[in-house]
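Here is a short briefing to read alongside the sequence and the 3D view. Have both open, and we will go from the overall fold down to single residues.

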Amino acid sequence: MAENVSPPASPLARAEHFVWLTARLLEQRLFAYHFLGGGADPVETALTAYRNDDDGYGHALEPDLRGPVSQPLHTAHALKVLDRIERCDGRRVERICRYLTGISTSDGALPAVHPSLRGYPAAPWIPVVDDPPSSLLATGPVVGLLHRNQVWHAWLFRATDYCWSVVESLEKTHPYEAAAAVAFLNGAPDRPRAAAAAQRLGRLVREQGLVVLDPARAAEAPVPEGYAPGEHHFAYHFAAAPGSLARGWFTDQEMDRSLDHLVALQGADGGWPVTWRLWAPGTELESRPMVTLEALLTLRAYGRPLG
């Protein structure tokens with residue numbers, strides 16, 4: 001008598017098990033929203049737990065910054081969640097922009113880390129200084145997202161000028177900054193200008209070896225200074241969806257190879273790995289479900305079967 005053999009679980013089913021097993025409530029609600037027909041209200045309710053009285057977000061929403069205080073990177077993450085559930089509008093976003101105005105640098109942009117973080121645990125590569133400089137890493141994704149959602153607020157005027165100035169003058173960059181620049185350009189209102197800036201940026205990324213074009217040879221590729229061993233970036237990191245301006249940086253073959261690699265990265269437990277430097281026990285546990293959601297959304301955007 002033949003033994004009954006269960007078919008292998010699909011990538012989505014394995015990821016779902018991983019999310020229920022390990023994820024924070026917010027990522028559980030996001031998974032349900034994106035893949036199980038869940039509503040936006042439960043996601044927003046979970047996100048609200050991270051909001052502070054100053055209308056910024058804290059409480060380790062971004063796992064590498066611990067402590068309760070509001071921070072630009074936490075607040076940028078909150079806006080990304082609101083964008084994903086189509087709630088990036090109205091008074092909630094007006095209040096967030098008021099917070100962003102209050103913490104901006106002298107040139108109207110965001111610092112990567114606000115000094116209020118001092119005294120709380122944070123990744124050792126994140127400096128806390130009294131007068132932090134402006135950061136495209138923090139400002140670019142926020143400005144691009146707000147423009148894409150047709151949000152108009154006084155804070156955006158100088159912040160947008162800052163992003164254009166930095167993006168169009170970049171000469172030496174690194175993968176995370178380049179990705180932040182793409183996030184800005186994907187939402188910038190001046191589309192011809194954005195397309196031209198993206199084309200120039202794509203040449204820099206390729207010329208400076210910031211993207212691994214052949215995942216099979218990733219072990220031979222250097223990583224930028226300060227990055228963890230194996231902290232490589234592939235085409236899907238820059239072009240997370242076909243509509244991104246960064247999609248034009250890569251041939252179909254290069255994009256397909258990167259997506260094949262992304263599929264192969266799913267672990268035996270159903271989750272995708274964290275590649276950046278880990279420094280505390282909780283950061284990997286909290287980050288992996290976030291990375292897993294991003295991987296699933298990217299694969300779905302490119303029409304890859306999830307099951």
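A residue is called buried at under 20% relative accessible area, exposed at over 50%, and partly exposed in between, using a 1.4 Å probe and protein chains only. By that definition Glu 86 is exposed, with a relative accessible area of 64%. This is a predicted model, so please note that local features need pLDDT of at least 70 and side-chain atom pairs count only at pLDDT 80 or more, while totals for chains, interfaces and linings use all residues. Residues are numbered from 1 along each chain as its sequence is written, and side-chain values use heavy atoms, with hydrogens and water left out.

**Overall fold**

- The protein chain has 12 helices and zero strands; helices (H or I, at least four residues) and strands (E, at least two) are DSSP runs, numbered from the N terminus.
- The radius of gyration of the protein chain is 19 Å, close to the 19 Å that the globule rule gives for 307 residues, so the chain is as compact as a globular protein of that length. Here the radius is taken over C-alpha atoms, and the rule is 2.2 Å times the number of residues to the power 0.38.
- Along its principal axes, the C-alpha trace spans about 75 × 45 × 35 Å.
- Of the 307 residues, 50% count as buried.
- Among contacts (heavy atoms within 4.5 Å) with a separation of 6 or more, 62% join residues 24 or more positions apart.

**Surface and charge**

- The chain exposes about 14,700 Å², and carbon and sulfur atoms supply 54% of that area. Accessible areas come from the Shrake-Rupley method with a 1.4 Å probe; for residues, only the protein chains shown count as cover.
- There are 28 positive and 35 negative side chains, and the centres of the two sets lie 2 Å apart. Lys and Arg count as positive and Asp and Glu as negative, leaving out His and the chain ends; each charge is placed at NZ of Lys, CZ of Arg, CG of Asp or CD of Glu.

**Helix α7 and its partners**

- Helix α7 covers residues 155-169, and its 15 residues reach 22 Å from first C-alpha to last, close to the expected 21 Å. The expected span is 1.5 Å times one less than the number of residues.
- Its buried residues include Trp 155, Tyr 162, Cys 163 and Trp 164.
- The buried residues of α7 pack against α5 (90-103), α6 (136-148), α8 (175-187) and α9 (191-207).

- Val 93 lies in helix α5 and is buried, with a relative accessible area of 1%.
- Leaving aside neighbours within four places in sequence, Val 93 is in contact with Leu 79, Arg 87, Cys 88, Leu 146 and Val 151. Val 93 and Leu 146 are 53 residues apart in sequence and 8.8 Å apart in space, C-alpha to C-alpha.
- Thr 292 sits in helix α12 (residues 281-301) and counts as buried at 0% relative accessibility.
- Not counting residues up to four places away in sequence, Thr 292 touches Ala 15, Phe 18, Gly 270, Gly 271 and Trp 272.

**Two loop residues with positive phi**

- Most residues other than glycine have a negative phi.
- Glu 86, in the loop between α4 (72-84) and α5, has a positive phi of about 60° although it is not a glycine.
- Gln 150, in the loop between α6 and α7, has a positive phi of about 55° and is not a glycine. At 65% relative accessibility, Gln 150 counts as exposed.
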